[in-house]
Amino acid sequence: MVPSPTAPAACLLHFDDERAAAQRLAQASGLPALEIARHRFPDGELKLTLPVDASGLLPERAVLLRSLHQPNDKLIELLLAARAARGLGVQHLTLVAPYLAYMRQDIAFHPGEAVSQRIVGPFLASLFDAVVTVDPHLHRVATLHEAVPAAHTVVLSGAPLLADWIVQQRPGALLVGPDGESAQWVAQAAARHGLDHAVCTKERHGDRSVTIQLPPVNVQGRAVVLLDDMASTGHTLAQATRLLLAAGAASVDVAVTHALIDVDALAALHAAGVEQFWSTDCVAHPTNTVLMETELARGVQQVFSVSGL
Ligand code: R5P
């Protein structure tokens with residue numbers, strides 16, 4: 001079969017549960033959004049139907065949008081969708097995963113543990129020519145390419161746009177990172193608007209148990225915004241909030257790129273003293289205030305340029 005002469009040269013593939021984000025990215029990137037249909041069989045298996053044209057083909061270039069929170073089923077979707085797309089004419093396939101899962105388990109903390117990052121990263125690289133993501137949790141590796149060895153990788157950050165939002169809401173805020181890993185995002189956001197900033201130290205004892213030490217800065221009377229890549233159980237941010245308020249902070253708000261937090265944990269954060277909780281739309285969440293489609297479109301454009309497309 002040959003592609004119809006009117007077929008687009010590239011498209012944006014997505015699933016129904018990310019239709020709104022896909023439409024925003026389609027608008028920003030100029031790529032037509034095409035939806036992959038899912039059917040779940042009674043035994044739990046999935047059937048995908050890709051949106052082929054009248055000739056039964058997809059465009060030669062495709063971008064697949066899939067944010068990978070609650071990732072386990074989605075990894076199977078990616079496997080099925082990517083392999084099917086290759087058989088339907090796609091020659092260059094980019095994954096846009098605004099949230100990239102399984103990056104935190106980057107060493108075996110105990111004998112016998114699977115190092116998920118070193119398994120999931122190469123798995124994605126085996127499916128996609130390029131991967132675009134936002135603030136991936138890279139702790140002990142220097143670049144995304146080390147974790148996901150695809151031909152091209154693009155790392156974007158939510159920190160600049162979160163910083164723009166923060167200065168509108170809390171002019172002159174003191175930006176605080178809850179742990180050493182957040183220093184990169186806090187420094188970037190603070191530099192953009194000349195804000196004061198500092199970083200706590202954190203020791204993790206378990207999934208829901210952390211000890212935090214405040215940095216040696218005077219927070220008395222300051223509007224503090226805690227900035228981090230993600231909130232999951234919320235314990236890190238709750239603990240930091242309690243310490244900051246006890247040290248005299250006038251207010252504590254939170255801004256994160258990836259809101260993985262559920263409603264109960266969010267309520268517990270507010271109970272700990274957090275006033276406002278802001279997030280980017282990398283993970284769809286009721287707290288989304290910062291939209292990333294322009295940045296994501298820039299990432300896709302970067303992939304197309306370096307790939308000579
Ligand atoms: C870890 O270093 C991350 O940046 C976050 O601080 C952490 O994942 C948050 O986890 P939780 O919300 O469960 O404390």
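Select helix 1 (residues 19-29) and look at what covers its buried residues: strand 1, strand 2, strand 4, strand 5 and helix 9 (293-306) are included in that cover. Contact here means heavy atoms within 4.5 Å. Helices (H or I, at least four residues) and strands (E, at least two) are DSSP runs, numbered from the N terminus. The buried residues of helix 1 are A22, L25 and A26. They sit on the same side of helix 1 because their arc around the axis is only 105°, the arc being that of the directions from the helix axis to the C-beta atoms. Buried means under 20% relative accessible area, exposed over 50%, and partly exposed in between (1.4 Å probe, protein chains only). Step past the end of helix 1 and you land on G30, with a positive phi near 80°.

A word on what you have loaded: this is a predicted model, in which local features need pLDDT of at least 70 and side-chain atom pairs count only at pLDDT 80 or more, while totals for chains, interfaces and linings use all residues. Residues are numbered from 1 along each chain as its sequence is written, and side-chain values use heavy atoms, with hydrogens and water left out.

Next, click on Q70, in the loop between strand 4 and helix 2. Its phi is positive, near 45°, and Q70 is not a glycine. Buried or exposed, where does Q70 fall? Q70 is exposed, at a relative accessible area of 67%.

Now select helix 2, residues 71-87. Its 17 residues reach 24 Å from first C-alpha to last, close to the 24 Å expected at 1.5 Å a residue; the expected span is 1.5 Å times one less than the number of residues. Colour P71, K74, L75, E77, L78, A81, A82 and A85, which are buried. Why are they on the same side of helix 2? Because they cover an arc of only 160° around the axis. Show their packing partners too: strand 1 (10-15), strand 2 (33-40), strand 3 (46-49), strand 4 (61-65), strand 5 (92-97) and helix 3 (116-127). Just after helix 2, G89 has a positive phi of about 105°.

Jump to T133 in strand 6 (residues 130-134). T133 counts as buried, at 0% relative accessibility. Leaving out residues up to four places away in sequence, T133 touches A97, P98, Y99, L100, L144, V154, V155 and L156. If you draw a distance from T133 to V90, 43 residues apart along the chain, their C-alpha atoms are separated by 21 Å.

Then pick D135, in the loop between strand 6 and helix 4 (144-147). D135 has a positive phi of about 40° without being a glycine, and it is buried, with a relative accessible area of 3%.

H258 counts as buried, at 0% relative accessibility.

Last stop: R104, R204, D207, M230 and S232, which lie nearest the centre of the largest pocket among its 43 lining residues. The elements giving two or more residues to this lining are helix 2, strand 10 (201-206), strand 12 (223-231) and helix 7 (235-246).

Technical notes. 1 Å grid on protein atoms, 1.4 Å probe; cavity = no way out; pocket = protein on both sides within 12 Å on 5 of 7 lines; lining within 4 Å.
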